[in-house]
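The tour goes stop by stop.

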Amino acid sequence: MSDTPFGFGLPPEEPDDGDEGKKKDQQGGGGQGPANPFGFGTPGAGGFGGPGADNPFAAMFGSMNPTDLGAAFQQLGQMLSYEGGPVNWDMAKQIARQTVSQGTPDGTKDASVGPAERNAVQEAVRLADLWLDDATALPSGAGTAVAWSRAEWVEATLPAWRELVDPVAERVGTAMGDVLPEEMQAMAGPLIGMMRSMGGAMFGTQIGQAVGVLAGEVVGSTDVGLPLGPAGKAALLPVNIEAFGKDLGVAQEEVRLYLALREAAHQRLFAHVPWLRSHLFGAVDGYARGIKVDTAKLEDVVGQFDPQNPEQLQEALQQGMFQPEDTPEQKAALARLETALALVEGWVDAVVHAAAKPRLSSADALRETLRRRRASGGPAEQTFATLIGLELRPRRLRDASRLWASLTDARGVDGRDGLWAHPDMLPTATDLDDPDGFVHREQLDFSELDKMLGEAAGKPDLQKKDEKGRDGEGQAGTGADGGSDDAE
């Protein structure tokens with residue numbers, strides 16, 4: 001065992017003084033970069049068994065001043081005393097903001113959004129909504145347009161990430177207790193509690209790291225095909241838009257406007273298809289429920305768990321412990337989710353292209369760039385794939401886009417967008433294989449079905465009225481004989 005308590009190094013500071021802050025952070029032992037947010041010790045690197053192992057406090061805290069030492073103890077205490085849900089979201093938020101403050105690998109730093117950038121974003125979204133009026137039957141869904149910094153994106157989207165990640169993390173927390181024999185669980189109660197606290201912290205670390213990296217990549221609130229921000233709020237990130245368009249050879253105004261079109265199109269869809277958000281998040285949850293934890297790997301981790309070396313849990317999470325169950329239900333859940341993501345992104349792609357093509361000379365180039373970017377994903381998306389066993393990418397975006405475009409030609413804008421009225425009207429994965437067959441298939445008319453359902457729902461009331469009427473007629477007859485109704 002290591003002499004280093006828990007194997008921690010100095011937690012990284014969020015530098016507020018530029019390069020000097022980064023230098024200070026590195027000198028203190030926390031400059032291990034985004035891949036190691038808490039500065040866990042590693043063999044031969046000042047952690048367990050490394051230089052300073054003879055002096056546990058020196059190995060753990062380096063040459064901190066008393067203020068830093070107190071902060072480190074406070075952070076360690078918060079980690080071990082955490083008793084919340086399966087993910088320590090306070091820690092995730094902290095790590096995400098620290099990751100954002102370090103900047104992206106290309107050296108781009110986060111920055112507060114100035115008035116000029118806010119005005120530019122608002123004007124771009126306003127113009128985008130005007131152009132979209134000709135391309136879709138769905139009205140504007142953006143009540144407001146905002147320009148976010150990366151840190152503001154983190155704050156605004158964490159609630160959505162919580163909804164996505166908690167179901168899978170809960171399975172890990174439960175599995176941690178289940179891998180021990182029942183007779184040992186009572187004896188190991190404190191250890192299990194500690195492990196769950198550490199598991200919540202490790203999940204929080206990894207999720208925070210991924211969200212922080214993703215904040216350096218996204219250009220709006222709907223980049224992953226899910227509504228991550230508040231409803232009715234179209235959001236763009238000026239600093240990321242500038243980095244995105246830097247080497248494209250396209251005017252910055254055109255890049256901003258094209259991305260505003262995509263953001264505004266997503267907002268229209270999610271605002272005016274009320275069942276869509278719950279459908280997408282429900283598909284993610286349904287898929288997550290079908291994921292099984294690799295108990296063999298978890299048993300190895302638990303069996304060898306050393307409280308002085310929590311890196312074991314972190315490494316297990318990084319390597320992934322999740323396997324989708326090979327059942328018809330799980331396959332159906334995955335197909336449903338992938339199809340839903342493809343239909344959303346394909347519709348946005350087709351609508352935005354229809355609105356931009358006549359007006360922007362760079363429309364084709366920007367479309368292809370966004371398609372490739374969306375299909376390949378980035379390191380943050382891969383992190384989520386490892387953590388929750390799922391890649392939030394529309395694998396069939398091009399197929400879906402072609403289908404929506406064909407529907408526009410065959411049925412017009414109203415006929416195409418009318419399919420969003422009910423989830424059963426949307427194309428399926430099979431339809432993406434044969435788009436022409438779906439486009440020219442006889443259109444389903446749900447009006448008669450709705451009428452029948454309405455009549456069926458109203459029959460009990462009609463029956464009561466009939467019974468009441470018949471009762472009244474009987475009473476009237478009795479009243480005629482007895483004269484009671486004549487009195488009324």
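Which residue lies over the face of Phe-438? Select Arg-411: it lies over that face, at 5.7 Å from the ring centre. A charge counts as over a ring if NZ of Lys or CZ of Arg is within 6 Å of the ring centre and within 35 degrees of the ring normal. Now pick Arg-277, which lies over the face of Phe-281 at 4.1 Å from the ring centre.

This is a predicted model, where local features need pLDDT of at least 70, side-chain atom pairs count only at pLDDT 80 or more, and totals for chains, interfaces and linings use all residues. Residues are numbered from 1 along each chain as its sequence is written, and side-chain values use heavy atoms, leaving out hydrogens and water.

Next, the aromatic rings. The structure holds three aromatic pairs (Phe, Tyr or the six-membered ring of Trp, centres within 6.5 Å; planes under 30 degrees apart are stacked, over 60 edge-to-face, the rest tilted). Select Trp-347 and Trp-420: their ring centres are 6.4 Å apart and their planes at 85°, so this pair is edge-to-face. Trp-347 lies in helix 14 (residues 328-356) and Trp-420 in the loop between helix 17 and helix 18 (429-433), so the pair ties together parts 73 residues apart in sequence. Helices are DSSP runs of H or I, at least four residues, numbered from the N terminus. Both Trp-347 and Trp-420 are buried (under 20% relative accessible area; exposed is over 50%, partly exposed in between; 1.4 Å probe, protein chains only).

Last, go to Asp-399 in helix 17 (residues 397-417). Asp-399 counts as partly exposed because its relative accessibility is 23%. Show Leu-432 too: 33 residues away in sequence, its C-alpha is 6.0 Å from that of Asp-399.

How values were computed
Helix = DSSP H or I, 4+ residues; strand = E, 2+ residues; numbered from the N terminus.
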